[in-house]
There are 2 protein chains.
Amino acid sequence: MAATLKDIAKKVGLHPATVSRALNPRTAHLVNPATVAKVRKAASSLNYVPNPMASGLRTSRSHTIGVVIPDLTNPLFPGMVRGIQDTLSHAGYTPLLVNTDNDPAAEESVIASLSARRVDGFVLATARREHPLLAELATKFPIVLINRISESVQASSVAADEQHGIRLAVEHLCALGHTQIAHLAGPAWSSTGHERQQAFARAMREHGLTPARKPAAVDSWSLEAATKTALSMLDGNTQTTALVCANDQLALGAIIAAKKLRMRCPRDVSVVGYNDMPFMDLVDPPLTSVRVPQHDIGAEAARLLLSLLVEDGTMPVKHVRLTPELMVRSSTAPPQR
Amino acid sequence: MAATLKDIAKKVGLHPATVSRALNPRTAHLVNPATVAKVRKAASSLNYVPNPMASGLRTSRSHTIGVVIPDLTNPLFPGMVRGIQDTLSHAGYTPLLVNTDNDPAAEESVIASLSARRVDGFVLATARREHPLLAELATKFPIVLINRISESVQASSVAADEQHGIRLAVEHLCALGHTQIAHLAGPAWSSTGHERQQAFARAMREHGLTPARKPAAVDSWSLEAATKTALSMLDGNTQTTALVCANDQLALGAIIAAKKLRMRCPRDVSVVGYNDMPFMDLVDPPLTSVRVPQHDIGAEAARLLLSLLVEDGTMPVKHVRLTPELMVRSSTAPPQR
DNA sequence: CGTGGTTGCGCAATCGATTGCGTACGCCGG
DNA sequence: CCGGCGTACGCAATCGATTGCGCAACCACG
């Protein structure tokens, strides 16, 4: 059905090998330019499309990249995925997307199946701060971590500048007049949770403030966990006037908790989120949030991985940090005293 | 590096062909059970993983499926994608996910690149009511349409029962006492837009009502377009007390338009959405919306496609309609008269 | 005219798995 | 003991593209 090199060869009266070289930009210089032109014309007239399985078999490169996401239905990730796809596809690579549901066992199995597919590399958004599985994976494949990073893994990464993002949030609250600010922290096993907590402590110090209370950390990035934790943070606590949350789900949970306690946001407590997921401008109240450049994170990660693939020599590990910005909305206001 | 059939063959003293047969469940019966066991043991001791490019080259089946989505950042789709993935991966297939940005030119190019990858079939969420490209694709590949369908394409499909969904919305509004109900319709080129509009007209007739005004249709599924259209619908129109919107983005746009006109939702106008995207319970006001079973739609589509792949004989075209349910929240209330 | 270097291209092996065909062997009944 | 049959397995071709090797033709130069 589909045309092959042999068909083209027959049509132009050349050997398939010559046709192969003529059609491959990297080897076309070995072939007479006039011949190349003839071959090109024949190829397009036959609607020739190279068979990636055949070339992959020979070269043992599949031109596919495994993209491992904890949960695609978390609106943070589709933007990154699109950034990855846009960049990879321009380079002739195809992403193979999988979910792990934040489950390490599922992660191991999807990584195994992607390896079985002979992907050329990985982009992973599932890193934990301690992550032996990825540490080992990094020894066998080119990999790039996104969003969540891991110092225990010897690999390049692309993420938001958490320090900067949290500082924007704290500065904003200070400028509004808040002094009693607390942090609703993400899970400590996640770099994002950990770094944002550290960043919060530092930003508060920089402003000469002490946190309104010790940070409370949720055990998962879910709205339900956040609601529970925020309830225990806010209950009977009239001091705290502002909450910096480690992501938007936590912020939404905090707002729900506040409502349950008959506190109003932002009147009684200001809340800042992180990530600025879609529609956060339409929730009640519209959420002030730190916007991370999702598409850029994905695109940059893909670019990094592509350069790893060409430089089979060990390119130095590179940690890219992209700058977030603060979207100020109505979940923050001056404290009512 | 990786073990091959030949390595196993050498280890157990058999021919690679025999090993291949022993390891393939479909042909294992041709081999002595004792031999099969021996081969299996050797395979696992060598960590043998079959090379999909080699087997694909020989069999000309890639065990990959193209999944074509208009826009992954639209929260409607990730749920479907996950349903597709969950089902396909259990069957040993890998989805290849691409976006089209609702752009027909982009669609053509991504379909071309998936064909170049030699996918075994397609799941498409990009159908228009007239869609020559897909009609032609259906003659060359097994395909299944999801969410949006197309009568001009000879292919199976899985979608929500729009008739039922819209009826739920209209019934709910009637039960609240509304009689002046209008429809904010989606683009007519989309089956979802078209069917929901038809369904609205019929549901109104069934309740002995006439629409408060002719349906106004947006030209794209975007919040911005919806805001503009809803503004012109509601401006100077004090009759209409309720709006059935063709999806959630349109509903959000309608709410924004109402606010701009100093109408309050639900006090002055009730609004019903469609799809029930994530976080629609947290927008202001919490949106009453028709929930479609996203995961099930994806899973069922994948199942349908898989059965198309085994029955290379022409399985009859099948149109599956899954039943939506209404999530009642606070964007609907009895009319204030 | 002979030598050396370059250019253009063909040959054939190779990647790993699959599969049609052939054959050896064992078992059975006659 | 022989013919017939079925089971278990090997052989070799095949899928389509890539690539090391080498041949032949060509040019230039001494």
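Predicted model: local features only at pLDDT ≥ 70, side-chain atom pairs only at ≥ 80, totals over all residues.
Local features are reported at pLDDT of at least 70 and side-chain atom pairs at pLDDT 80 or more, while totals for chains, interfaces and linings use all residues. Residues are numbered from 1 along each chain as its sequence is written, chains are lettered from A and ligands numbered from 1 in the order in which they are written, and side-chain values use heavy atoms, without hydrogens or water.

Chain A was divided into domain 1 (5-50), domain 2 (62-160 + 294-324) and domain 3 (162-292). These bounds come from an automatic or database domain assignment. The centres of domain 1 and domain 3 of chain A, taken over C-alpha atoms, are 61 Å apart.

The two protein chains meet in an interface. Chain A gives 43 residues to the contact, and chain B gives 43 residues. Contact here means heavy atoms within 4.5 Å. The buried area between chain A and chain B is about 3600 Å². Buried area is the accessible area (1.4 Å probe) that two parts lose on being put together, summed over both. Carbon and sulfur atoms give 65% of the area buried between the chains.

Polar links also cross this interface. There are 17 residue pairs in polar contact between chain A and chain B, both residues being at pLDDT 80 or more. A polar contact is a pair of N or O atoms within 3.5 Å; within protein, one must be able to donate a hydrogen and the other to accept it, and residues adjacent in sequence count only if both atoms are side-chain atoms. Helix 4 (52-59), helix 5 (76-90), strand 2 (94-99) and helix 11 (248-260) of chain A each supply at least two residues of the side that touches chain B. Helices (H or I, at least four residues) and strands (E, at least two) are DSSP runs, numbered from the N terminus. That side of chain A has 24 nonpolar, 12 polar and 7 charged residues. In this division, Ala, Val, Leu, Ile, Met, Phe, Trp, Tyr, Cys and Pro are nonpolar, Asp, Glu, Lys and Arg are charged, and the others, Gly among them, are polar.

Side chains of opposite charge can pair when their charged atoms come close. The structure holds 21 salt bridges over all chains, and the count between chain A and chain B is 4. A salt bridge is a side-chain nitrogen of Lys or Arg within 4 Å of a carboxyl oxygen of Asp or Glu. D101(A) pairs with R82(B) in a salt bridge at 2.8 Å, N to O. D71(B) forms a salt bridge with R82(A), with the closest N and O atoms 3.1 Å apart. D71(B) lies in the loop between strand 1 (64-69) and helix 5 (76-90) of chain B and R82(A) in helix 5 of chain A, so this pair joins two chains.

A residue is near a strand if one of its heavy atoms lies within 4 Å of it. Sugar and phosphate make up 61% of the atoms of DNA strand D within 4 Å of the protein. A phosphate oxygen of DNA strand D is 2.6 Å from a polar side-chain atom of T35(B). Helix 4 of chain A gives the largest share of the surface near DNA strand D, 5 residues.

DNA strand C has 24 residues around it, and T18(A), L5(B), A17(B), Y48(B) and R58(B) come nearest. A phosphate oxygen of DNA strand C lies 2.5 Å from a polar backbone atom of L5(B). Bases are contacted too. A base oxygen of DNA strand C is 2.9 Å from a side-chain N or O atom of R21(A), and a base oxygen is 3.1 Å from such an atom of R58(A). The largest share of the surface near DNA strand C, 5 residues, comes from helix 4 of chain B.

N51(A) caps the N-terminal end of helix 4 of chain A, with a side-chain oxygen 2.8 Å from the backbone nitrogen of M53(A). S60(A) follows that helix and has a positive phi, near 50°. Most residues other than glycine have a negative phi, and most peptide bonds are trans. A cis peptide bond joins D284(A) and P285(A), with omega about -10°.
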